[in-house]
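Have a look at the picture first, and then we'll go through a few spots together.

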Amino acid sequence: MTGVLDGIRVLDLSWGIAGPMVTMQLSDHGADVVRIERPGGDPFADQLGYRAWQRGKRSAVLDLESSADLEVFLGLAGNADILVESFRPGATDRLGIDYSTLSAINPRLIYCSITGYGRNNRHSDRPGHDALVAARVGLHWEQRGWPGGSGPHHAGAPPLFPDYEAPQEVQQGAPREGPVFPGSRYPSLGACHAATVAISAALRARERTGRGQWVETSLLRGALSSGVLAFAVAENLEAENFMSWVGDSRAQKGLFECKDGRWVHMWVPNPRFALSAGAGDELNATPDLSVRDDPDRIGLGTSELFVLNHYWEPMAQVFKKFTADEWTQAGADARVCIQKIRTPEEGLSDPLLLEDGCVAEIEDPELGPIRTVGITYKLATSPGHVGGPAPRAGEHTDAVRAEAGTPRTSPSAPKDQEELPGGPLQGIRVLDFGLAVAGPYCTQILSDLGAEVIKINALHDWYWHSNQIAMVCNRGKRSIAINLKHEGAGSAIQRLIASADVLMHNMRYPAAIKLGIDYDSLSEQYPSLVYCHTRGFERGPRELLPGNDQTGACLAGVEWEDGGCSRGGRPIWSYTNMGDTGNGFLAATAICQALYEREKTGQGQFVETAIVYAQLLNASHAIAKPDGSGFDRPTVDSMQTGFSAGVRLYPTQDSWLCLSLLSDDHWHALGDALQEADLQTDGRFSTAEARAAHDDEICKLIEHTLAGRSADEWFDILDAAGVPCEVSSEQAGASLWSDDEALANEWVVKYPHPTVDEIGQVGLAFSFSDTPARVQGRPLMVGEDTREILSELGYSESEIDAMLAEGTVGDETLNPSLAKEGSPAPSSPWDPNS
């Protein structure tokens, strides 16, 4: 099966999670990926996820500290298109395989580095483990939000309704205060997405410039990318419609236990439907909703917190009357978002996901048939193909060595080599018809990569775009407000499409057909158009159901994993969940690869992904047998403190400390530092087997000891002893906004804004040495560019005035600062039923 990356050669010098996931996706779309493994073996080779992430690759063992093997490697690098590495900063220089050296040999090489924290900053030498990066940036504290939301906390302001205390059972997460340790490896997941889309954009740029370049990301940037909803701040938090209840830890989030002890997630909570449907002895998916005056649509306003929590107890009681499967079916019948929270293994055994191809079955030589995450984005010319099981270490060494001496015919450089100072997607125009977060976040990434993005807004979108949630996915765009249902809108839309390279939307596809902007209606007239559509669900019976971040997380097992449900915990929808935003990254990757192919063929095409695909990727550390049973793997404990005694959050005298002990040496260093003989070299728990058998006992021993001093004191002691650790501070996220280094590196960014005065957001997820990424501007104001865009399309001033007068289009006067007092707030697009 052909793929968009056929003929692309990749050298994979990565380990852990992020790098292997990147190269898995490149392999799935046709790249020839060769793992270069060290003679001593991969220290992470025993993690279950490798059965998925290393599939479809070849493996060669080379000793890069040997001059002979280094020569072999340099020969391979001279013929490669892409290299992915995850060494500590400086290690590649010592080995002689740094970017400067390899680019001199092969100027077309795209060299991707995935580190813990990036180069040349005060964090660069810190241990780059997922748990520790999450602790250092405060990600554990952002999992369930803050009282009043992250905005007030990060701004150092009191929360709204400071005296309100919600019952513990209403709130998400373990019944305790403090940070929450999720089962998902969010820093690595974010870094994986950032690296994959950056490599794909660099391939497109190479077709224009004739040059490769150095692409960089880090687990730090990945952690921030996973928390775009959480890591945000504004100067004027009281701006109309800006704040919402969604990030308020005190608000119920629609998670309910059912009659059979299983849980469902109803998002957004819909009291009228739940209480009406469950009123009788049988669940009724089509109740008479007129007999109750309970709310059926929860808005964004902060005061909805009280409405939600008022209804929590009666909703909890009615959900207990029926099973999770019954509620899920009722939701599907009624087109209401209700989904059973499944284990990852249940997700992988779903026949609908297997038929779609987003779950794959592989014949593993050691484990037999296994189910893993499948294809996560699809191009019309490259639907994706899982190439086979993970190779044995060194399985292809001889063949790979032979290839090092075989010269490769390099493609000729472009006739007119370009400079792309505006980014790898400079010169690309994107039309954004996206709704809510999943669609617009994709086009925001494209904007960061240098594309010109025009947001097609509805006239009533000012309400949604006044909110913090909308602002995190709509920066760097121009806005034209059009009434798509107005008879005069068609001409403007056609002119826009004629000027565009990419069209992206995530509306349900029948709506696009009705509007005349479906792919079949456009492809013949605009054959070079790259058309991207994303959905909530996979192709099949669920395809047209309303779907969102939460339904995908339930289907794939993410909420189960993050809540420690395997060990008795309660499910949690993490505020740093990479469903919507992961979908955005996958869509951006597919678009970049389609643009890369268009550079060679001149042809556009249809590309697609889905939120559930992103959630399956989030849970891809798990694999299953075809019958749905699983394999032993680390799971979070019921109190959501960590995986084990060695990878865990511990309370100290004043705060929390995170440990990430991955070797006997780490444990013995801890034993020496704590003066605990049982953990020392010859102690009772000196081996991995002994520690696994007595994990609870060791947890209690360490917890008792660490409770005697402050987190900072313990950090100084343990860090000096070589114990991988970090303080988990509740102020870590808030401190970003006054961190000169974070701002200078654009890990976070701040800029003026018309309604909130100044806004701070997560910055760039990647960097490029030759075609620099950039934040192109603040979040948009609806219609602020309407006149300018229409003029560029050839409309005269009088024609534009007439379109405004007729209500075909709107301009900046649609926004709340100029709206008439008392005008009703329209429904918001984050509700999939709107």
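Is Asn 120 buried or exposed? Keep in mind that this is a predicted model. Asn 120 has a relative accessibility of 69%, and the cut-off for exposed is over 50%, so Asn 120 counts as exposed. You'll find Asn 120 in the loop between β5 and α6. Its phi is positive, about 55 degrees, even though Asn 120 isn't a glycine.

Ala 436 isn't a glycine either, and has a positive phi too. Here is how the backbone angles look at a few places:

| Residue | Angle |
|---|---|
| Asn 120 | phi about 55 degrees |
| Ala 436 | phi about 55 degrees |
| Gly 450 | phi near 110 degrees |

Ala 436 sits in the loop between β14 and α17. With a relative accessible area of 16%, Ala 436 is buried, because buried means under 20%. After α17 comes Gly 450.

Now for the inside. The largest nonpolar core has 135 residues, and Ile 591 and Phe 766 touch the most other members. Helix α8 (residues 186-209) gives the most to this core, with 12 residues. Another core, of 30 residues, lies apart from it and includes Tyr 526 and Val 809. Looking beyond its neighbours within four places in sequence, Phe 766 is in contact with residues including Ala 194, Ile 445 and Asp 448.

Val 268 is in the loop between β9 and α10.

How values were computed
Residues numbered from 1 in each chain as written. Predicted model: local features only at pLDDT ≥ 70, side-chain atom pairs only at ≥ 80, totals over all residues. Heavy atoms only, no water. Core = buried A, V, L, I, M, F, W, Y, C linked by side-chain atoms within 4.5 Å. Buried < 20%, exposed > 50% of the residue type's maximum accessible area, 1.4 Å probe, protein only. Helix = DSSP H or I, 4+ residues; strand = E, 2+ residues; numbered from the N terminus. Contact = heavy atoms within 4.5 Å.
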